[in-house]
Amino acid sequence: MNNPETAIEAKDMVKQFGSFIANDHLTFSVYKGEIFGFLGANGAGKTTAIRILCGLSRPTSGEIRVAGYNVFTETEKIKKRIGYMSQRFSLYEDLTVSENFRFYGGIYGMSRTSIRKKTGEMLERLGITELSSTIIASLPLGIRQKLAFSVAIMHTPEIVFLDEPTGGVDPITRRQFWTMIYEAAEAGITVFVTTHYMDEAEYCNRVSIMVDGRIEALDTPANLKLKYKASNMNDVFLKLARNAGAGRE
Amino acid sequence: MKRFVIKEFLHIFRDVRSMVILFGMPLVQVLLFGYAITNEVKDVHVSVVDPSHDQVTTAIQQKLFASGYFLQGEVLYSQSEIEESFRKGRNKMVVVFDDNFAQKLERGEIPSIQLIADASDPNTANLLVNYANGIIAGYNQSLSVSTNGPVIVPEIRMMYNPALKGVFMFVPGIITILLMLVSAMMTSISIAREKELGTMEVLLVSPLKPLHIIAGKVMPYVLLSFINAISILILSHYVFGVPVNGSLALLLAESMLFIVLALSLGIFISTVSNNQQTAMMLSMFALMLPTILLSGFIFPVENMPVVLQWLSTIMPPRWFILIIKSIMLKGTGLAYFWKETLILIAMTLVFILASVKKFKIRLS
């Protein structure tokens, strides 16, 4: 189970909190260089899964490899090869843009010169070179979010985990944000993204849909729409969620 | 690591509140305790019952009233008058002499002197009695010397604090409180803030080891606390003339030990609190109040109920105050307080172990 073509391999991943099963035997693989959408309603177990894959939380059982390394025994190696952006805002608000870049670059062991080079490149791409010594707190949410993403991939990780990265921003910024995600994927970074915006699911190469701790569907958006006879991902999701609800009653 | 420490300093320097706590607090506290909240006794009215009225009692009275602490109150004659004057608040203490004082002394008997103090304010009463006792003891000594040989008038000397200055007693307490405040409260809040803002998750996902995160968090506060301790010492020395009679190096080393202790306590608090408010409340109630109330800083440990005395033995500040008082005022060395030092070291180890364990549990 160490396929060179896969970035993430999970087999029977289980996470239990007491009697509550947050992740119920999740089995999926994420291919290198793809944008993998990890969908589900609030409380379906997305965040639990992403925390396990990032080494923040230990799974109850299962066989899981991230970037080729075992999440039980090789978290240190995994951590060097991944980037992470949480749903909560992850830049230091009282530091300036370039101070944040310097700090995060520093903790990933980047050299001073490569940090400076990378910061310049990324700010240029965002078109905000002039903001490099602005305090984060005074920047609008959209720019902060793009900066947080830039910081998460500045050390060119193999995989970047995005936990609801677009919560609370307007549709235009979300669009721009997805452009950045595409650019990252083209540069060879595997993108693992959780969201509950179904329109964003359309942008992914493949999506998995979680309902009540289980993966109910996993395929390309086009195949899923075909299979569930839906015109968009929103309908696919509603049908799956309704089935699950009916099954419970 | 280096980046982490730089970042931590930037956080501190950009936050007006932490700057005020760090650097304004020591100044204000030392000046406040030094000038305003002193428990010195000065110009207190003291009345006298003196049925003998001979040269000895007069001399003792003169000594008392010449000391500068007491003002001559009324001359009273009976028990009922004493009670009345206390009730009316006309004096805080009454000195009652035996009758035939000088004659008894000459016959080799020991005449009695009674000191009656208004204990509705126990601290002041205690002080008044102590002062008066000291003065009378001084007179006693001069008396015994004069009957047995050359006349020497001995000086009254209050050990360790000759001027009986309150500020001498307060400075060790203030250093303790401030080190506790800055070290424990500031670190626990700053770690809790990272948790609250979600940046802690990002740090934990990064290749940084938990130990590095803690060390990076703590380092700036070690430095700032140390600077704080030194500035309090300088301030109290030059403004109030508080001496450092013992070894300065030893004093600084013990302060360092206490800083590390307080920091490990702060880390421990942060592992059990998830946001800044909880960390703040925990530090306030779990650290500050016991530090002030139970450490012997304001209320002597000996005067506490037994249960509280037991409780005070687990308060790190209690031992540290003993240590710095010994070094600063008595000028003694490690031989006199190695036990206290060991206690502090043991406490530090316990807190570090406990928080490392807590930290690991949280991660898994």
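With which side chain does that of B:Glu201 meet in a salt bridge, and at what N to O distance?

Modeller: The partner is A:Arg51, at 2.5 Å from N to O. A salt bridge here is a side-chain nitrogen of Lys or Arg within 4 Å of a carboxyl oxygen of Asp or Glu. This is a predicted model, in which local features need pLDDT of at least 70 and side-chain atom pairs count only at pLDDT 80 or more, while totals for chains, interfaces and linings use all residues; side-chain values use heavy atoms, with hydrogens and water left out. Residues are numbered from 1 along each chain as its sequence is written, and chains are lettered from A and ligands numbered from 1 in the order in which they are written.

Between chain B and chain A the count is 2 salt bridges. Counting contacts (heavy atoms within 4.5 Å), 25 residues of chain B touch 28 residues of chain A. About 2500 Å² is buried between the two chains, and carbon and sulfur atoms give 60% of that. Buried area is the accessible area, with a 1.4 Å probe, that two parts lose on being put together, summed over both. On the chain B side, B:Arg3, B:Val205 and B:Pro207 supply 28% of what that chain buries against chain A, more than any other three residues.

Turning to the chains themselves, chain A has 9 helices and 10 strands. These are DSSP runs numbered from the N terminus: helices are H or I with at least four residues, strands are E with at least two. Of its 249 residues, 52% count as buried, meaning under 20% relative accessible area (1.4 Å probe, protein chains only).

In chain B, 4 strands form an open sheet with mixed pairing, in the order β2-β1-β3-β4. Two strands pair if DSSP finds at least two bridges between them. The edge strands of chain B, β2 (70-76) and β4 (113-117), each pair on one side only. Strands β1 (44-49) and β3 (93-97) of chain B pair in the parallel sense over 4 bridges, and B:Val46 stands opposite B:Met93 of β3(B). Helix α3 (55-66) of chain B packs on this sheet and touches β1, β2, β3 and β4 of chain B, its direction making about 140° with that of β2(B). For such angles, axes are lines fitted to C-alpha atoms, for helices over the stretch in contact, and the angles run from 0 to 180 degrees between N-to-C directions.

Technical notes
Buried means under 20% relative accessible area, exposed over 50%, partly exposed in between (1.4 Å probe, protein chains only).
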